[in-house]
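Good morning, and thank you for coming.

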Amino acid sequence: MKKKLLSIILATAMVATMVGCGSATSEPAAAEPATKEAAEEATPAEEVAEEPAAEEASDDLIVVGYAQVGAESDWRTANTESFKTTFTEENGYQLIFDDAQQKQENQIKAIRSFIQQEVDYIVVAPVVETGWETVLEEAKEAGIPVILSDRMMDVSDDSLYECWVGGNFVKEGEDAAAWLKTYLEDQGRGSEEINIVTLQGTIGASAQVGRTEGFANGMQDNWVMLDQQTGEFTQSKGQEVMESFLKQYPDIDVVVCENDNMAFGAIDAIKAAGKTCGPEGDIIVISFDAVAAAFDSMIAGDLNATFECNPLHGPRVAEIIQKLEAGETVEKIQYVDESYFDTSMDVAAIKETRAY
Ligand code: GYE
């Protein structure tokens with residue numbers, strides 16, 4: 001806290017000395033955590049974190065600021081990689097990348113910093129759906145187009161962003177429920193009472209909202225949703241929440257994990273509790289993303305099925321930017337086609353064909 005206080009004093013002093021010179025490069029005061037709680041939550045790494053800065057931009061490069069969610073999952077790592085390998089100088093771009101460590105206030109800060117640096121485009125994978133109006137207005141006033149990728153924003157005025165590209169999360173959830181229905185019927189368990197628990201993603205993130213809603217749409221009369229809690233899209237939190245579910249509910253038939261990494265944590269928790277999972281086990285495990293490690297988990301017989309969510313948005317966003325540069329219009333909402341994989345398939349062979 002002392003360090004934080006010092007940095008606030010320093011920032012205030014800097015702003016004070018810069019008033020009137022018209023070239024302030026320090027963070028605007030509003031970029032500080034909005035609440036005392038938020039300030040206290042800041043980790044030491046974040047306290048000293050440098051503002052994402054552009055190096056000397058050459059005039060012919062398109063400067064893109066990417067406000068990324070964090071590094072919480074394999075999906076996210078693949079997504080970051082996709083942006084870093086697409087928005088290269090060889091391809092005509094300069095990428096300013098910011099990792100928000102799963103905190104909305106960090107993303108807002110990054111967007112403000114992109115505006116100050118006068119980037120050409122701002123790309124945001126919003127941590128949560130709400131609370132973006134003010135900062136988007138600021139980008140609009142600065143004349144910087146904002147492209148949303150991966151998760152959506154819920155804003156009253158959709159002219160605040162150019163377009164969005166990502167997965168159809170509601171459909172993913174519905175597909176998962178439809179798969180479970182067929183799977184249980186095939187096992188002669190179609191009319192049995194089925195106890196389900198869900199490890200949800202970050203509450204308020206569209207991947208969480210959509211998958212929860214989609215699965216709820218496919219719930220059957222004989223299925224009971226015992227509990228739903230967030231595992232924050234991370235393996236460790238997924239494991240922790242599953243441990244407590246297992247203690248609380250002795251007869252879980254299915255765990256729905258809103259991403260693969262939470263499923264890996266859940267599987268560890270199930271095994272540690274002396275239970276089994278997967279096609280031959282006590283508990284059916286379903287997840288979302290279909291990252292490479294999920295295929296390993298299916299090959300090992302731990303995970304039953306994973307519902308694909310494609311993270312390779314770099315080239316898609318580049319295509320959008322190229323269209324905007326050419327003065328063309330872009331589709332407002334662009335869903336990516338997605339599939340699913342389960343252990344009835346030759347998952348080892350499919351894994352070899354996958355790009356992430
Ligand atoms: O499922 C999860 C990640 O928003 C689709 O975020 C993305 C989700 C993805 O942390 O693994």
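**The open sheet and its surroundings**

Six strands make up an open sheet of mixed pairing, in the order S7-S6-S8-S9-S10-S12. Two strands count as paired if DSSP finds at least two bridges between them, and strands (E, at least two residues) and helices (H or I, at least four) are DSSP runs numbered from the N terminus. The edges are held by strand S7 (223-230) and S12, each with a single partner strand, so one side of each has no neighbour in the sheet. On average, neighbouring strands here are turned by 15° against each other, direction ignored.

Before I continue, a word on the source: this is a predicted model, in which local features need pLDDT of at least 70 and side-chain atom pairs count only at pLDDT 80 or more, while totals for chains, interfaces and linings use all residues. Residues are numbered from 1 along each chain as its sequence is written, and side-chain values use heavy atoms, with hydrogens and water left out.

Within the sheet, strand S6 (residues 194-200) and strand S8 (residues 254-257) run parallel and are joined by four bridges. Isoleucine 196 stands opposite valine 254 in S8.

Which strands does H10 touch? H10 packs on the sheet against S6, S8, S9 and S10, and its direction makes about 160° with that of S9. Helix H7 (residues 169-186) lies across S6, S7, S8, strand S9 (284-289), S10 and S12, running at about 155° to S9. For these angles, axes are lines fitted to C-alpha atoms, for helices over the stretch in contact, and the angles run from 0 to 180 degrees between N-to-C directions.

I turn now to helix H11. In H11 (residues 292-299), Ala294, Phe295, Ser297 and Met298 are buried, that is, under 20% relative accessible area with a 1.4 Å probe, protein chains only. Viewed down the axis of H11, its buried residues fall within an arc of 160°, so they line one face of the helix; the arc is taken from the directions from the helix axis to the C-beta atoms. Their cover includes helix H10 (260-272), strand S10 (305-308), strand S12 (340-342) and helix H13 (347-352), contact meaning heavy atoms within 4.5 Å. Just after H11, glycine 301 takes a positive phi of about 80°.

Finally, the ligand. Of the 13 residues around the ligand (a heavy atom within 4 Å), Glu72, Asp150, Arg151, Arg211 and Asp289 come nearest. A polar side-chain atom of aspartate 150 lies 2.7 Å from an oxygen atom of the ligand.

Technical notes:
Buried means under 20% relative accessible area, exposed over 50%, partly exposed in between (1.4 Å probe, protein chains only). A polar contact is a pair of N or O atoms within 3.5 Å; within protein, one must be able to donate a hydrogen and the other to accept it, and residues adjacent in sequence count only if both atoms are side-chain atoms.
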